[in-house]
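Q: Can you walk me through how this chain packs? Here is the model.

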Amino acid sequence: MATPSRIGIENENGSITSIYCHWDGYTEGVGVTLKEHYSNSQKLRMLINLGDISILGEQVATMDEHTFDNPKQGVTVAYHRDRGEEKQEARTDVSIEQFKNRLVGDYGYVYTKGGNWLTIR
């Protein structure tokens, strides 16, 4: 069963830009992966630029063969890039409060301007 989540970054103006992640949204899944592999705003923005994703991996991309049906282990699986679906662009909320109020999945994660991960349930 899927545990959806949203992954976001706080922008300089306090708005939150985020994407949907379908699998493993709980803190021991997506939460740990984000803290261990995405505590870098440049890498996180590369992830968010993919649009909505199915699976969060330790890496954003790979030079090796990687598709939705034949994913490379440890690489993020994106709906647009890896399955050819129409791209679902990142959503921007005006504040963390709005992000919380619009949270559809069980978990939300925001990388703050201060460089910390905030978990929202």
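This is a predicted model: local features need pLDDT of at least 70, side-chain atom pairs count only at pLDDT 80 or more; totals for chains, interfaces and linings use all residues.

Q: Fine. Which residues of α1 are exposed?
A: Glu-28 and Glu-36 are exposed.

Q: And which residues of α1 are buried?
A: In α1, which spans residues 27-37, Gly-29, Val-30, Gly-31, Thr-33 and Leu-34 are buried. They lie on the same side of the helix because they cover an arc of only 165 degrees around its axis. Glu-28 and Glu-36 are on the other side.

Q: What do the buried residues of α1 pack against?
A: Four strands: β1 (5-10), β2 (16-21), β6 (107-111) and β7 (117-120).

Q: How many residues are in the largest nonpolar core?
A: It has 19 residues. Among those with the most contacts inside it are Ile-7, Leu-34, Leu-44 and Trp-117. At least two residues of this core come from each of β1, β2, α1, α2 (41-48) and β6.

Q: What does Leu-44 touch?
A: Beyond residues up to four places away in sequence, Leu-44 touches Ile-7, Gly-8, Ile-9, Tyr-38, Tyr-111 and Trp-117.

Q: Switching topic: where does Asp-93 lie, and is it buried or exposed?
A: Asp-93 lies in strand β5, residues 91-93. Its relative accessible area is 0%, so Asp-93 is buried.

Q: Which side chain does Asp-93 make a polar contact with?
A: That of Arg-102, at 2.5 Å.

Terms used. Residues are numbered from 1 along each chain as its sequence is written. Side-chain values use heavy atoms; hydrogens and water are left out. Buried means under 20% relative accessible area, exposed over 50%, partly exposed in between (1.4 Å probe, protein chains only). The arc is that of the directions from the helix axis to the C-beta atoms. Contact means heavy atoms within 4.5 Å. A nonpolar core is a set of buried Ala, Val, Leu, Ile, Met, Phe, Trp, Tyr and Cys residues joined through side-chain atoms within 4.5 Å. A polar contact is a pair of N or O atoms within 3.5 Å; within protein, one must be able to donate a hydrogen and the other to accept it, and residues adjacent in sequence count only if both atoms are side-chain atoms.
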